[in-house]
Amino acid sequence: MADSSNLKQSPDWYIARVDRLPTWGLSYALIWAMGFSFFITLYDVINVGFALPYIPFVITAGQASLIASLGLWGYVVGAPIFSYMADLVGRRPTLIFTALLTALGSFGDAFSVNYPMLAGFRFITGMAIGADLVLVMTYMAEMSPASKRGQYTNLAFIGGWAGIGIGPFIAALIVTSIPSIGWRIVFVVGGILAALALAIRAYAPETVRFLAVKGKFNEVDNLVTSMESTSMKRAGVSQLPEPNMKTYNVPKENPFKTLAKPKYLKRLIVLFLLMFWIYFMDYPFLVLPETWVKDILGYSGSLFSSAVFYFGLAGIGAFLGAILLRFIIDRFDRRYMTVFGVVVYTIGTAIMAIGGVARSIPTFFIGAFIAELVGVGWYNIYYLLCSENFPTSARATGYAIADGVGHAGGAIGLLAIFPLIPLLGNVGAWTLPWIPAIVMAILTVFTLPKTIKVRLEEINEATDAHG
């Protein structure tokens with residue numbers, strides 16, 4: 001083994017030390033803090049769907065679709081810009097900035113007095129949220145030991161997915177109880193939560209991998225030493241196994257130059273198209289069923305209120321799905337789980353559409369619950385694929401292009417879903433556009449590597465010379 005002074009100048013040394021840890025090496029409060037931040041992000045994604053039917057200056061289904069779509073176009077712009085910043089200056093400062101921007105956008109949404117003002121603040125909120133979705137999962141993936149990366153990212157994911165599971169129920173209760181100003185309260189809650197996340201993130205350390213790659217060896221040595229001590233206490237052991245030291249000798253280069261290499265470019269294209277087509281139907285499902293039953297199917301009175309309430313209640317399925325995922329996330333190949341998740345999402349959406357057309361609230365609820373449970377509740381799998389398949393120097397940027405720019409699919413889907421109904425029918429419009437997503441999910445099996453319990457650098461940097 002090389003002498004300690006040489007090891008302390010090697011990024012690979014610190015990465016190897018983290019990946020041999022038996023447990024999470026930092027406070028569990030940090031995981032929940034990241035999950036809490038995810039909660040805010042996902043709460044905002046959902047709450048706009050419940051607010052739109054009650055906003056007095058959003059008059060038509062087309063206007064509602066455009067407002068929802070503008071938030072996603074914010075993702076497309078904000079995710080790559082702020083994630084590129086994260087690859088250059090760090091994950092921590094960028095996470096702090098995006099929390100600040102989310103708060104600004106949410107309070108702006110709440111106090112909007114006309115359509116253009118709301119549209120502008122929805123775009124700003126979307127810019128922040130698009131980056132947040134990338135950075136939280138990037139942070140967790142880079143700080144977790146390889147053997148339990150899925151489990152620890154899932155803990156943050158569970159906290160975040162409460163935003164989809166509990167958020168819709170809260171939003172539905174607010175807007176149906178106080179129809180006149182409930183939509184403003186829904187947005188204010190998001191702003192308050194974002195401000196709290198801003199305070200929490202100030203105490204988070206930078207990731208080990210970012211510090212190591214940037215050559216901040218004194219800082220990373222202190223951090224890893226603390227993580228080792230914490231992990232040994234949790235595991236009840238007096239010593240750790242020798243680090244599995246491997247040297248990758250990856251050149252420092254611009255993230256876009258890295259992503260242009262054939263290996264990463266292929267992964268980027270596949271993941272982008274996967275996320276694009278999933279989001280094409282995911283966001284109409286998450287945001288527009290309330291508007292669909294009101295303006296397309298003609299629900300009114302107690303029938304409309306019941307549909308809104310039970311669609312909100314179905315969101316708890318996503319929270320439950322995220323919890324169930326914890327028991328299998330590091331046991332089964334993520335590529336095959338992606339195929340299963342997309343297929344079940346399609347089935348659930350189809351059942352929801354059948355129930356909506358038949359005016360059967362129980363069937364509507366069952367379909368929405370199935371879609372939430374496995375379709376939405378298993379998003380952790382897709383996020384992990386995006387975070388695991390790019391190297392540290394370009395991880396946030398690659399993830400942002402695949403997932404953040406991939407949200408263009410959602411923005412287009414929100415505008416396309418209602419015009420597709422005259423062509424495909426109500427059930428067909430909610431079902432047939434899922435086919436490209438299923439095809440891309442199957443393609444991941446043939447184009448992406450297996451990632452469970454494998455060091456991030458072995459998935460990426462170890463073979464850069466050949467890719």
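Colleague: Is aspartate 295 buried, exposed or partly exposed, and what is its relative accessible area? Please describe the helix in which aspartate 295 lies as well.

Modeller: This is a predicted model, in which local features need pLDDT of at least 70 and side-chain atom pairs count only at pLDDT 80 or more, while totals for chains, interfaces and linings use all residues. Residues are numbered from 1 along each chain as its sequence is written, and side-chain values use heavy atoms, with hydrogens and water left out.

Aspartate 295 is partly exposed, because its relative accessible area is 37%; buried means under 20% relative accessible area, exposed over 50%, and partly exposed in between, with a 1.4 Å probe and protein chains only. Aspartate 295 lies in helix H14, where helices are DSSP runs of H or I with at least four residues, strands are runs of E with at least two, and both are numbered from the N terminus. Leaving aside neighbours within four places in sequence, aspartate 295 is in contact with Thr60 and Ala61; contact means heavy atoms within 4.5 Å. Cysteine 386, by comparison, is 91 residues from aspartate 295 in sequence and 36 Å from it in space, C-alpha to C-alpha.

Elsewhere in H14, the residues Pro289, Glu290, Thr291, Trp292 and Val293 are buried. Just after H14, glycine 298 takes a positive phi of about 80 degrees.

The packing of this helix against H21 may be described next. The axes of H14 (residues 289-296) and H21 (residues 408-431) come within 14 Å and cross at roughly 110 degrees. Axes here are lines fitted to C-alpha atoms, for helices over the stretch in contact, with angles from 0 to 180 degrees between N-to-C directions. H14 is therefore roughly perpendicular to H21, the class for angles of 65 to 115 degrees; under 35 counts as roughly parallel, over 145 as roughly antiparallel and the rest as oblique. The crossing of H14 and H21 is left-handed, in that the near helix is turned anticlockwise from the far one by less than a right angle, clockwise being right-handed.

On the H14 side, the contact is made by Pro289, Thr291, Trp292 and Ile296, and on the H21 side by Phe418, Ile421, Asn426 and Trp430. By class, this contact of H14 with H21 has six nonpolar, two polar and no charged residues. Ala, Val, Leu, Ile, Met, Phe, Trp, Tyr, Cys and Pro count as nonpolar, Asp, Glu, Lys and Arg as charged, and the others, Gly among them, as polar.
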